[in-house]
Amino acid sequence: MTPAEAVAAGPTRQGELLAGGEMTSRQLTQATLDAIDRENPAINAAVAVYADEALAAADEADRRRAAGESGPLLGVPIAVKDDLDIGGAVTGKGSKAMRMPAGRDAELVAAMKAAGMVVVAKSALPELAIFGFTESAAQGITRNPLNLAHTSGGSSGGSAALVAAGAVGIATASDGAGSIRIPAACCGLVGFKPTQGTMPSSGGWHDLSTQGCLAARVADSALFLDAFGTFDTSLVAAAAADPAPLRIGVSFSAAAATKAQPLAPRVRAAVERTAEQLRAAGHAVTEVKIPYPLGAKALTVRYLAGIRDGADGSDDPGRLERRTKGIARLGRPFGRRSVEWAKRQGRAWGDSVHRELDVDVLLTPVMSGPAVEVEHWRGKGPLATVLSMNAFYPYTAQWNHAGVPAVSMPAGVTDERLPLAVQLIGTRGADAQLMSLAGQLERLNA
């Protein structure tokens, strides 16, 4: 395998090639930079490229390896979503309101560098990571490499587009209301949101948001999360082994506070096909209706208060987009007591929902349809955008509120080359069980 071929192979295979001496980190990093340079003009997913710094870091990784050091991610390139600080660079967050360079690396970035990973680029996101589409006045429109007329999702749309285009093997992503799983679904990737509190640099939006990654394969997601998160069991080992028979509940219900857009027949069919696959693999699969009592209402408090805090914390709030300012205003009424109440509601619901349904894992859609066209929400006001976006994405945010792990898995492709996806949702702390099921489903679809 040449370095150019290895760029899209993902971090697991890249690490093997580097450890076996089949290529150097400098060769792989240069090939990755070349791929970004080739693909980015069409997709607009990389907002900063660190060529000189990346090649210097690759040389250092090669020196470390030559000195006898080893590690599965030593010398592996990665793109970083532009919501994580890199010391000396402005963390743009998709906004003209961010101007001050970060004083130091975010905890996750520091850990990645310590492991020898090579940061090659920053990836695009919508302003303050608010939206399920990656379009902003500061950075423009990020497009889906599988169909350029459509969105790559959001808010980790830049990371998803780079990985799906084969421009980088893995990229960081964060998820506060679906921002890992939605781009994964739009771009045909694996998007694993771990249990809240397991990953460094997490906790934004009043503990709705968690860090993770976007990758093409389950094993690659497991490798990254294992390397930097805190889990009771190895996720890499779990991904490689089929789980014991599980009780799986299939649900098409959406949050009660959301008027969901009708589910596209091809998305429903993808969920039903997946249910049959899992039933044939020995799992007990039944249809259930997820109970959404106060869940969605309390979630709204955390979401809007988090956006308000992000807007207030920007370097120059006056330069925020008008729509962002309007959404931030919606969060003004929610004080500390409201937020703490909402957090308690989310944890209690997350701890009870699977038990009430008597299931280990839930199987749902990720989105109401395949990825929408770019500029689908252009011109809508603050409240109209939130309501319309929630109607199309009614299956993800409640699991941030619950704090439980959830993963978006590829489930076919439409005639327009748009991916279909399904979501698997586990119980708090059962990340290894969920990763094992994701690995099994990936093998069933291979």
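Analyst: Phe-392 counts as buried, at 5% relative accessibility. Buried means under 20% relative accessible area, exposed over 50%, and partly exposed in between, with a 1.4 Å probe and protein chains only. The model is predicted, so local features need pLDDT of at least 70 and side-chain atom pairs count only at pLDDT 80 or more, while totals for chains, interfaces and linings use all residues. Residues are numbered from 1 along each chain as its sequence is written, and side-chain values use heavy atoms, with hydrogens and water left out.

A pair of aromatic rings is described by the distance of the centres and the angle of the planes. Rings of Phe, Tyr and Trp (its six-membered ring) pair if their centres lie within 6.5 Å; planes under 30 degrees apart count as stacked, over 60 as edge-to-face and the rest as tilted. By this rule there are nine aromatic pairs.

One of them joins Trp-205 and Tyr-303, an edge-to-face pair with 5.2 Å from centre to centre and 90° between the planes. Trp-205 lies in helix 8 (residues 204-207) and Tyr-303 in helix 12 (residues 295-312), so this pair ties together parts that are 98 residues apart in sequence. Helices (H or I, at least four residues) are DSSP runs, as are strands (E, at least two), and both are numbered from the N terminus. Trp-205 is buried, with a relative accessible area of 14%, and Tyr-303 is buried at 9%.

Phe-392 itself pairs with Tyr-393, again edge-to-face: the centres are 5.1 Å apart and the planes make an angle of 70°. Tyr-393 is buried, with a relative accessible area of 6%. Both residues belong to a cluster linked by ring pairs, together with Phe-131, Phe-133 and Trp-377.

Another buried residue is Asn-144, with a relative accessible area of 0%. Asn-144 is found in strand 6 (residues 143-144). A polar atom of the Asn-144 side chain lies 3.0 Å from the backbone nitrogen of Leu-146, and a polar atom of that side chain lies 2.8 Å from the backbone oxygen of Cys-186. Leaving aside residues up to four places away in sequence, Asn-144 touches His-150, Thr-151, Ser-152, Cys-186, Cys-187 and Ala-371, where contact means heavy atoms within 4.5 Å.

Leu-330 gives a contrast: Leu-330 is partly exposed, with a relative accessible area of 31%. Its place is in helix 13 (residues 322-330).

Note on methods:
Polar contact = N/O pair within 3.5 Å; in protein donor to acceptor, adjacent residues only side chain to side chain.
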